[in-house]
Amino acid sequence: MALLAAACSTGANATEDDSTRRQLRELLDRSEIHALIDRLATALEEGRFDAFDTIYTADVKAKSPGGEAQGRDAVIALASRNHSDEQRSPHYMSNVQIDLAGDRAAVRANAIFAIGPTSAVEGRLAPEPLFTAGGGYRFDAVRTSEGWRFSRVETAPLWSMGTLPS
């Protein structure tokens with residue numbers, strides 16, 4: 001961070017300083033938004049829906065094959081129905097694209113996730129996932145006083161293998 005601060009103060013003139021500050025702000029914004037995606041994937045995998053207050057706005061809108069919800073509590077309820085302690089679903093998100101527009105951003109990412117039973121015997125792996133799917137996520141992100149948060153999320157699966165557990 002000290003290097004970033006130094007970069008902001010070494011410009012030859014005010015125009016270069018402003019340009020450097022804008023570029024650094026954009027890099028920090030992109031990094032913070034990407035971190036939201038990482039936190040979401042981890043929260044879903046670990047069933048830590050209490051972390052959603054650091055990921056979503058209070059009035060978030062969500063749409064997925066599992067249903068639609070509006071408001072953080074409703075999104076937590078939706079996620080809880082689709083991600084249980086008996087089944088784990090690691091989410092792998094990549095190819096993140098972030099289109100910044102001031103205090104808003106349109107974000108997309110590709111995702112692959114697998115649902116598998118939690119092993120009943122400690123130290124043993126499940127033989128194979130019950131269900132695997134891949135597709136895209138689309139988010140609207142907004143800058144809030146607490147940092148960047150997603151105000152909308154929509155998932156669109158493109159393929160799947162296996163049977164989705166009920």
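User: Which residue in S7 does Lys63 stand opposite?

Analyst: Lys63 stands opposite Glu154 in S7. Before we go on, note that this is a predicted model, where local features need pLDDT of at least 70, side-chain atom pairs count only at pLDDT 80 or more, and totals for chains, interfaces and linings use all residues. Residues are numbered from 1 along each chain as its sequence is written, and side-chain values use heavy atoms, with hydrogens and water left out.

User: What does it take for two strands to pair?

Analyst: DSSP must find at least two bridges between them. Strands (E, at least two residues) and helices (H or I, at least four) are DSSP runs, numbered from the N terminus. Here, S1 (residues 56–64) and S7 (residues 147–162) pair in the parallel sense over four bridges.

User: How many bridges join S6 to S7?

Analyst: S6 (residues 131–144) runs antiparallel to S7, and 14 bridges join them. Phe131 stands opposite Gly162 in S7. With two residues between them, S6 and S7 form a hairpin.

User: Is His91 buried or exposed?

Analyst: Buried means under 20% relative accessible area, exposed over 50%, and partly exposed in between (1.4 Å probe, protein chains only). His91 counts as buried because its relative accessibility is 7%. This residue lies in strand S4 (residues 91–101). Contact means heavy atoms within 4.5 Å; beyond four places in sequence, the contacts of His91 include Ala41, Phe113 and Tyr137.

User: Where is Arg72?

Analyst: Arg72 belongs to helix H3 (residues 72–82). At 22% relative accessibility, Arg72 counts as partly exposed. Arg72 and Tyr56 are 16 residues apart in sequence, yet 6.8 Å apart in space, C-alpha to C-alpha.
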